[in-house]
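This report covers a predicted model and takes up strand pairing, chain symmetry, the interface and helix packing.

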There are 2 protein chains.
Amino acid sequence: MPEPFIDRLIEAIRAKNSPICVGIDPMPDKFPAELRPGNLRDRDAVVAAIDAFGRGVIDAVADVAPIVKLQSAYFERLVWPGVQTYYELIRYAHSKGLLVIGDVKRGDIGATSEAYAAAHLEAMNFEDHPPADTPDAITVNPFLGFDTLKPFVDVCKAQQKGLFVLVRTSNPGSGDLQDLRTESGATLSELIADKVTGIATEAGLVGKFGYSSIGAVVGATQTHTIESLRKRLPKSVFLLPGYGTQGATAEMTRAAFDQNGLGAIVSASRSVLYPPREAGEPWQNAVRRAATAMRDQLRNVVG
Amino acid sequence: MPEPFIDRLIEAIRAKNSPICVGIDPMPDKFPAELRPGNLRDRDAVVAAIDAFGRGVIDAVADVAPIVKLQSAYFERLVWPGVQTYYELIRYAHSKGLLVIGDVKRGDIGATSEAYAAAHLEAMNFEDHPPADTPDAITVNPFLGFDTLKPFVDVCKAQQKGLFVLVRTSNPGSGDLQDLRTESGATLSELIADKVTGIATEAGLVGKFGYSSIGAVVGATQTHTIESLRKRLPKSVFLLPGYGTQGATAEMTRAAFDQNGLGAIVSASRSVLYPPREAGEPWQNAVRRAATAMRDQLRNVVG
């Protein structure tokens, strides 16, 4: 049995002195010219390009980032061969010593959440095929109610995996529902945060550093609420998307970190995957440079 | 270009005089003995059984139900071969004249929702493979905010597809968030309903019967709120899950229908897929009998 997800994550953050997560959102039309498929309607060529790009990104950031996040949607768009590539890239990232978040944002009624937890977190020990590596943690959507998180939490306990529950997302319209003030005076996000803390502190989920394997997604763009949510979620590591292309800076994430520089990982996708390149520069150098610059900016803020 | 989703749905409901949706949630351990895989860890055998079961259910209900709903989670659990079977069953259902809902409950920030909309609604016109049929409509989760629905709505307009937005789900904990009363006095579900009506009445979405291709998921188990939501969603067809195993009866769904017996489809999965069998009865007969009994109970209520 591996160590708890949260301990593996914190050890990797410390070993690399880097609180960043590289989001792998493969958008073939933005790929570097040498990988870009000539015909975006040639499925086999696009899948091969996504595979090559994903491996190249993993190689480029393996010693800069402790963890990568694969966005399922960009793989699902290539139907089943895309899903196969998703699982193969998880295995490849693991082989390079990286932890993996599956950004799947699943959530459904109990029996169905069990099936999703099996698909996305459980070890896939089929007897007629090699095991398919699943992510170390996934993102989940709590809208259906807290009973629907239980099957995911159960798998986390049994198999030392982790969750990042959506609490406050990074998109422009995230306040439509999440900032609504309820009768209790708390916003919807704050109510969810309190409930997530109840789950995060259940027996078997808090690791040796005092953090839980049940984390929270809090958009780095949502500076008005990061501090309030940090207080309500003392045991949860924040996964902060929205850095870079979506507009958040390192400074904006300061309130998510504790005095030891722990408690948060900041995620960027497009700004690291598709950075400007210098003339003649290999594409992986540019990716590595973007990830390193992001890491250094965060070190300055949380160090 | 096909007719709008909503017109195709209403015509099929009328032609079959049946407001039911059969949910295809393949749970291999519940399959009829003649299809049940001997070893649930033999992936190829399980995928083959799911395929055979799905086709058998489609054959059994093709003239009893206008529409079937495939629950993505049970296919994702078999990783990429499961996803392939999902798309193949959509094609098979279409070949039998059935409409298809993909129960995927996706929702993410804008750029990612575009990729999900492509994966789950758009025609997949790859040049190196036959097109993969996508569902006629999918379920979507609005938690991230209404900007995140726009990419799905855009595909619906361009390709005559439909959505069922989660407004009030059928599970026991659905009230945790969805029944919260907000400062305006409305519950979260009611607020979402009002916003969905704003989208459902946009140009190009309301069909010739006065209903919109943008529908709503409202749990049949949630009788305390069906009437209130019906008033707030005058243009949206309700997809009502929760019939049968989850506890809802035909009578409980009455308030979702209009005086013409339109405006709602009631969905059942386990009670239709895994019904009691008489001695020696072929399994598809039992499925057909369960679907027919459900249809008749609903005809009595809405007829």
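**Conventions**

This is a predicted model, in which local features need pLDDT of at least 70, side-chain atom pairs count only at pLDDT 80 or more, and totals for chains, interfaces and linings use all residues. Residues are numbered from 1 along each chain as its sequence is written, while chains are lettered from A and ligands numbered from 1 in the order in which they are written.

**Barrels**

Helices (H or I, at least four residues) and strands (E, at least two) are DSSP runs, numbered from the N terminus. Two strands pair if DSSP finds at least two bridges between them. In chain A, eight strands form a closed barrel in the order β1-β2-β3-β4-β5-β6-β7-β8, with parallel pairing. The twist from one strand to the next averages 30°.

Strand β2 (residues 67-71) of chain B runs parallel to strand β3 (residues 99-106) of chain B, and five bridges join them. Here Gln71(B) stands opposite Asp103(B) in β3(B).

**Relation of the two chains**

Copies are superposed by least squares on the C-alpha atoms of residues with pLDDT of at least 70 in both. Chain A is placed on chain B by a rotation of 180° with 0.0 Å of shift along the axis, at an RMSD of 0.0 Å. This is therefore the relation of a two-fold axis. The C-alpha of chain A nearest the axis belongs to Thr182(A), at 2.1 Å from it. Both copies use the same surface, and 100% of the contact residues of chain A recur in chain B.

Two residues are in contact if their C-beta atoms, placed from the backbone, lie within 7 Å. The interface brings 54 residues of chain A into contact with 54 residues of chain B. On the chain A side, the elements that give two or more residues are α2 (43-61), α3 (72-76), α4 (79-95), α5 (110-120) and α7 (175-178). Of these, α5(A) gives the most, with six residues. By class, the chain A side has 22 nonpolar, 18 polar and 14 charged residues. In this count Ala, Val, Leu, Ile, Met, Phe, Trp, Tyr, Cys and Pro are nonpolar, Asp, Glu, Lys and Arg are charged, and the others, Gly among them, are polar.

**Helix packing**

Axes are lines fitted to C-alpha atoms, for helices over the stretch in contact, and angles run from 0 to 180 degrees between N-to-C directions.

| Helix pair | Angle | Axis separation |
|---|---|---|
| α2(A) and α4(A) | about 15° | 10 Å |
| α8(B) and α9(B) | about 25° | 9 Å |
| α2(A) and α11(A) | about 50° | 9 Å |

Angles under 35 degrees count as roughly parallel, over 145 as roughly antiparallel, 65 to 115 as roughly perpendicular and the rest as oblique. A crossing is left-handed if the near helix is turned anticlockwise from the far one by less than a right angle, and right-handed if clockwise.

The angle between α2(A) and α4(A) is about 15°, which means that α2(A) is roughly parallel to α4(A). Their crossing is right-handed. Residues of α2(A) in this contact include Val47(A), Ile50(A) and Ile58(A), and those of α4(A) include Leu89(A) and Tyr92(A). The contact of α2(A) with α4(A) has seven nonpolar, three polar and four charged residues.

The same helix α2(A) also packs against α11 (residues 283-302) of chain A, at about 50°. These two helices are therefore oblique to each other, and α2(A) passes α11(A) in a right-handed crossing. On the α2(A) side the contact is made by Gly56(A), Val57(A), Asp59(A), Ala60(A) and Val61(A), and on the α11(A) side by Gln284(A), Val287(A), Arg288(A) and Ala291(A). Five of the residues in this contact are nonpolar, two polar and two charged.

In chain B, α8 (residues 188-200) packs against α9 (residues 223-232) at about 25°, which makes α8(B) roughly parallel to α9(B). The crossing of α8(B) and α9(B) is right-handed. Ser189(B), Glu190(B), Ala193(B), Asp194(B) and Thr197(B) of α8(B) meet Thr225(B), Ser228(B), Leu229(B) and Arg232(B) of α9(B). This contact has two nonpolar, four polar and three charged residues.
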